[in-house]
Amino acid sequence: MGAPCVIQGDYNQGISHYLRSADLARAYNRYSQENQLKVVGYTYADWGNPTKALYYLRQSLAVHAALPRRNGYDWYAYTYRGMTLAYRQLHNYPAALRYATLALAGIPTDTTRRYAADVPRVQAYGLTLKSAVLLDMGREAEADPPLVRARQLADSLGLKLHNQGGGYLDLEATWARYYAARHEPARAEQAWLIALQQARQIKSVPLRLAYLRALANFYAQQGQTELAGRYARAGLVLADSLRAVQGAFQVAGYEAERAEQAQQARIQGLRLAQVQAAARARRQRLLLFSTLAVLALLAGLGFVLWRGNRRQRQANTALNRLNEAVTQQKQELQTQRDQLNTSLTELRATQAQLIQREKMASLGELTAGIAHEIQNPLNFVNNFAEVSTELMAELREAQAAGDAEEVTALAGDVTQNLGKITEHGRRAAAIVRGMLEHSRTSTGERAPTDLNQLCDEYLRLAYQGLRAKDKSFNAALETEFAADLPLVSAVGPDVGRVLLNLFSNAFYAVHKRQQTGEASYQPIVGVSTHVANNHVHLQVRDNGGGISPEIQQKIFQPFFTTKPTGEGTGLGLSLSHDIIAQGHGGSLAVESREGEGTEFTITLPR
């Protein structure tokens, strides 16, 4: 059931089916278990999760090493090909080349007819993959002989893109990459189109997506923007459908189910142990009361029989000792119960942490938006570069004609174009830096932080930063810090980044309003702190131009900015919101009126 799901691009369901088969086969057929594990690893490599792929492929090798060898079965080649794919995704090309070579070695001592018949097919797969690795390493000359041999084997055996028991034979795509590296675009284009046609014939959604993206990149490199856009749009539609089907974590849901079942089993075991301990305590108390009753009866009989204080004192001594033993035993039982409760609490906390860690894994998805946002500055760079090339040709003609005035004018145009290229290149770099900051996970540790001091420090820093750019700018700074403000557990540098962003935006707003020449306008930026409802509140306010209600609804979205091109990336407030809400469990809100000013409120738990 796993293979049809994988063909349709639903790796989540496909891998889950394979893992269930591996779990079932563990008890009755270890050969089948080993086979399912390496299929899981290979599929994870196709899905783009090399870490999981290597984990299951190595498990498969470990299980295989513990089993008796069977002639006629050279399944190491399939495993090594999966490891080659994983190491290629990790950009560890020497390791990838080593395993691609191992996939060709085979088992020299196996001379059975079945093994000999299967060798050409295995060689075709291995040679194709080895050529792909050599192309990754930029060694095109070395990639040619194995690729030619792979073509001969595939043609003689009638191998297609997908063959039973062998996975995908990515031969046409590898030839396309080879032709592209050799600067033969016509042959490369033909090979890519054949590869896409084959993927459509076998109805493989993942391969279609990969080839659509490759064709979009190829046409973009060739300057054929219309074709590049068409294939890129087709790829986006197909990628959206895949993402909707299988999610974004690239980890099979069955693995989470299996981990949850193991966790619940441990919790149930602890609860059962706690119940059994309580039952033992009840039995021990009952035994103690019975013992006390017997001892009391013996003491009475001793008093009656011996009629002396000696027996009475001995009975009392024995009773005191029993009381001490009972007290000690009760203390031990109490200690054991406390330990069990502590273990149960720790397990529940661990379970909550695992769930939170899985939720946080989706943060890196935001970086996919950079492809769209960076396109504008890159288009500007390309356009200005092409115009500069034409201007330089005209300049050389003017120089040859001795027209000094035309040369000067053309040189000025070229200089202006180069300035524009630099400006938009910096814009693209700013977007990339912002995306990297947005997708990274903070490694800082929380510590008690004085927010009053932090606010004052970053307010002055933002003010001096703007004055360094414009010496004529002045603004009134207003601070209202609560004297009894408690220390807050926070990551100081991260909260500082949020404050610096809010202060910088406030100074930018009042500076823009001042530049309009409004009479009697005095720029004011203020910050205040106070405690309410067991939370610490920080307000950053300005008397700038304000923000409209429509813009307020989108202000925390990534890449949304009201600043002119080149002055902002649209990631500052989005990153600030994530730091406060996800990193510190607080909130970041905005209130604004057009023509009056804006106030941002940060709320953090004490």
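Count the secondary-structure elements in this chain and you get 21 helices and 9 strands. Keep in mind that this is a predicted model. Of the chain's 606 residues, 39% count as buried. As for contacts between residues at least 6 apart in sequence, 69% of them join residues at least 24 apart.

Here are some spots to look at.

**Helices α18 and α19**

- Start with helix α18, which covers residues 451-469, and helix α19, which covers residues 492-514: their axes come within 8 Å and cross at roughly 45°.
- That angle makes α18 oblique to α19, because an angle between 35 and 65 degrees is neither roughly parallel nor roughly perpendicular.
- The crossing of α18 past α19 is right-handed.
- On the α18 side, the contact is made by L451, L454, C455, Y458, L459, L461, A462, Y463 and L466.
- Facing them from α19 are G492, V495, G496, L499, L500, F503, S504, F507, Y508 and H511.
- Sort the residues of this α18 and α19 contact by class and you find 15 nonpolar, 4 polar and no charged ones.

**Helices α10 and α11**

- Helix α10 (residues 185-201) packs with helix α11 (residues 205-221) at an angle of about 160°, and their axes are 9 Å apart.
- So α10 is roughly antiparallel to α11, since angles over 145 degrees count that way.
- Here the crossing of α10 past α11 is left-handed.
- α10 brings P185, A188, E189, W192, L193, A195, L196, A199 and R200 to the contact.
- From α11 come L207, R208, Y211, L212, A214, L215, F218 and Y219.
- By class, the contact of α10 with α11 has 14 nonpolar, no polar and 3 charged residues.

**A stretch annotated in UniProt**

- An unreviewed UniProt entry places the feature "transmembrane region" at residues 286-306.
- In the model, residues 286-306 are 100% helix and 0% strand.
- From one end of that span to the other, the C-alpha atoms lie 30 Å apart.

**A look at H64**

- You'll find H64 in helix α4, which covers residues 50-65.
- Is H64 buried or exposed? H64 has a relative accessibility of 18%, so H64 counts as buried, because the cut-off for buried is under 20%.
- Leaving out residues up to four places away in sequence, H64 touches E34 and Y76.

Note on methods:
Residues are numbered from 1 along each chain as its sequence is written. This is a predicted model: local features need pLDDT of at least 70, side-chain atom pairs count only at pLDDT 80 or more; totals for chains, interfaces and linings use all residues. Side-chain values use heavy atoms; hydrogens and water are left out. Axes are lines fitted to C-alpha atoms, for helices over the stretch in contact, and angles run from 0 to 180 degrees between N-to-C directions. Helices (H or I, at least four residues) and strands (E, at least two) are DSSP runs, numbered from the N terminus. Angles under 35 degrees count as roughly parallel, over 145 as roughly antiparallel, 65 to 115 as roughly perpendicular and the rest as oblique. A crossing is left-handed if the near helix is turned anticlockwise from the far one by less than a right angle, and right-handed if clockwise. Contact means heavy atoms within 4.5 Å. Ala, Val, Leu, Ile, Met, Phe, Trp, Tyr, Cys and Pro count as nonpolar, Asp, Glu, Lys and Arg as charged, and the others, Gly among them, as polar. UniProt positions are given in the numbering used here, feature names are shortened, and annotations may be inferred rather than shown by experiment. Buried means under 20% relative accessible area, exposed over 50%, partly exposed in between (1.4 Å probe, protein chains only).
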